[in-house]
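I opened this notebook to keep track of what I looked up, going from chain contacts to helix packing and then to domains.

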Amino acid sequence: MQLPAQLTISPRLAKNIRRNVKERIIELILMMAALVAVATTFAIVGVLLYESLSFFKTVSVIDFFTDTQWTPLFEDAHYGIMPLVSGTLTTSAIALAVAVPIGTISAIFLSEFASHKTREIVKPILELLVGVPTVVFGYFALFFVTPLLQSIYPSLPSFNMLGAGIVMGVMIIPYIASMSEDAMRAVPMSMREGSYAMGATRFQTAIKVVTPAAISGIVAAYILAVSRAVGETMVVAIAAGQQPNLTFNPLDSAATITAYIVQVAMGDLPHGSIGYQSIFAAGLVLMAMTLSFNIFGHWVRKKYRESY
Amino acid sequence: MEHKASVLENLADVRAMIKRHKRNDALFATLGLICLMLGLMTLMLLFWQLIADGHPKFNLDFLTEFPSRRAGRAGLLSAWVGSLLVMSVTFLTAVPVGVAAGLYLEEYAPKNWFTDLIEINVSNLAGVPSIIYGLLALGLFVYMLDFGQSILTAGLTLGLLILPIVIVSTREAIRAIPVSIREAAYGVGATKWQVVYDHVFKYSYGGILTGIIIGMARALGETAPIITIGALTFIAFLPPSPITTEPPFLNFEWLSSGFTVMPIQMFNWLSRPDHAFHVNAAATGALIIVVTLLMNGAAIWLRYKIRKNIKW
């Protein structure tokens with residue numbers, strides 16, 4: 001049977017349809033690419049939960065959080081995460097004690113005191129330094145900072161949390177300085193001019209006007225820096241020692257969560273063994289810690305943002 | 001009389017106060033400069049330390065020798081070849097996916113909960129510690145998908161790791177293109193994809209490139225995720241060559257080969273007790289730093305050039 005003339009598709013319309021189909025296919029492909037990000041998150045959470053669940057079939061959750069020893073690879077196995085958490089928190093606290101004052105003062109100096117030219121030179125250098133690989137900082141901690149500290153405290157062990165923490169602090173100075181400086185730059189010029197007109201000095205303006213106005217961005221920088229310090233691996237794996245140790249004394253040697261994962265991964269643990277599963281349980285705790293810091297940081301920035 | 005004296009006294013007070021405040025100002029400026037220098041100087045010191053410790057190994061033999069049990073003969077050949085191959089897998093996965101995702105989020109995505117979900121995921125992924133990517137790779141790529149501890153696994157892992165960097169910088173670059181460009185293209189009858197590909201993408205090329213370079217520099221220096229997938233550290237062979245002399249001239253066996261990369265080799269050398277190996281570690285560290293700084297420097301310079309040359 002022959003089609004009536006009206007039903008045949010004109011070449012122009014056919015071209016249009018082809019064009020539309022092609023457009024839709026391209027949009028679909030691009031969307032699939034964006035979905036890779038979502039898939040990655042789900043895969044991370046999925047893998048961590050799946051392996052941790054097998055881990056918690058052997059180990060009770062209560063033991064996990066209350067036992068004071070972490071020796072999954074020994075004959076007499078204990079599975080208390082607290083020694084790893086104490087190591088992680090101590091090294092991060094030392095890092096912050098170094099990076100927060102130096103980073104903040106650098107940021108205030110850059111934003112309020114330095115000339116335009118200095119800022120134009122220093123800002124890119126800060127960005128460059130954020131990109132220095134962390135394994136290199138590990139070398140620095142082990143072969144430069146620790147021997148230096150040992151000349152002050154001769155009894156310091158060669159692997160210790162103090163040296164690793166200090167180097168980690170140096171590592172995150174550029175990060176805090178750069179982010180805090182961005183927050184201070186965003187404070188409108190009119191506020192500074194108002195302050196100068198009242199006879200305030202630069203120092204008074206910086207401390208009493210600009211810093212309070214930018215505080216949400218500055219605090220967010222601190223919190224995101226904590227999250228970075230908690231997740232930092234190579235410096236602590238190289239310089240802080242690999243012996244889980246429930247202590248908050250910076251002069252001791254102790255393992256962090258990340259250092260433990262590295263230590264186990266370097267050995268040859270069979271897939272499916274309890275030691276293998278334990279690194280996923282440790283990873284889950286690490287993920288929970290960094291995720292809560294990240295969410296808290298973004299929340300602080302949003303909630304306390306001053307709008308002008 | 002008494003009144004005048006008190007005014008004068010007040011004036012003296014005020015002058016003293018001004019002087020004090022000016023001194024505080026100068027003191028703080030000095031403190032700020034010291035802090036800034038302290039941060040920068042420490043990093044210079046770090047670089048100097050690596051060069052001072054590693055300089056005996058700055059020669060071509062170091063790049064053409066395999067790792068060895070004897071520190072004096074050990075070289076970086078398998079490590080730099082491994083880095084190059086892993087980075088090429090990372091580049092081939094992260095760049096197309098990241099740029100496409102950036103184009104979608106900026107040009108196509110409707111404003112709804114689904115788009116919000118993707119955006120929250122991207123910003124969260126940027127804050128996930130790198131070692132967690134290593135665990136993901138260990139569970140998913142090495143065991144579930146059975147890729148083994150191979151170049152493919154490492155390349156994909158680092159690709160996922162730098163994906164957020166590529167997406168975010170693509171979006172920033174696209175956002176700098178004014179709407180008028182898009183309107184002009186639509187006005188002469190272009191389809192959406194023609195607008196996006198021929199105009200938006202091509203004009204934001206420089207900005208996207210900046211993000212890609214920064215991401216690749218990050219991937220080059222990453223150690224933790226590669227250790228976590230269980231990459232061997234003593235590799236005294238090269239993966240099969242990707243190019244062969246017989247048709248079809250390409251060979252993909254290298255993807256499933258064992259490997260080592262420069263930061264892993266450095267970690268391996270510096271965790272040995274023998275001091276002779278520490279020299280090798282320092283030399284490797286110096287090389288890694290030089291390459292990453294050059295890449296990051298190129299990216300920052302490129303961004304600076306683009307900002308200066310914006311025509312609209």
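How many residues does the contact take from chain A and from chain B? Working on a predicted model, I noted that the contact takes 68 residues from chain A and 74 residues from chain B. I then asked which element supplies the largest share of the side of chain A that touches chain B, and found helix H1 (residues 11-58) of chain A, with 19 residues. Sorting the residues on this side of chain A by class, I recorded 48 nonpolar, 14 polar and six charged.

Next I looked up one helix pair across the two chains, helix H12 (residues 274-303) of chain A and helix H5 (residues 130-144) of chain B, whose axes come within 10 Å and cross at roughly 145°. On the H12(A) side I listed A:Ile279, A:Phe280, A:Gly283, A:Leu286 and A:Met287, which meet B:Ile132, B:Leu135 and B:Gly139 in H5(B). By class, the residues of this contact of H12(A) with H5(B) are six nonpolar and two polar, with no charged residue among them.

Last, I turned to the domain assignment of chain B, which gives domain 1 as 1-55 and domain 2 as 58-308. How many residues of domain 1 of chain B are in contact with domain 2 of chain B? I noted six residues of domain 1, in contact with eight residues of domain 2. The side of domain 1 of chain B that touches domain 2 of chain B has three nonpolar, two polar and one charged residues.

Key
Residues are numbered from 1 along each chain as its sequence is written. Chains are lettered from A and ligands numbered from 1 in the order in which they are written. This is a predicted model: local features need pLDDT of at least 70, side-chain atom pairs count only at pLDDT 80 or more; totals for chains, interfaces and linings use all residues. Two residues are in contact if their C-beta atoms, placed from the backbone, lie within 7 Å. Helices (H or I, at least four residues) and strands (E, at least two) are DSSP runs, numbered from the N terminus. Ala, Val, Leu, Ile, Met, Phe, Trp, Tyr, Cys and Pro count as nonpolar, Asp, Glu, Lys and Arg as charged, and the others, Gly among them, as polar. Axes are lines fitted to C-alpha atoms, for helices over the stretch in contact, and angles run from 0 to 180 degrees between N-to-C directions. Domain bounds come from an automatic or database domain assignment.
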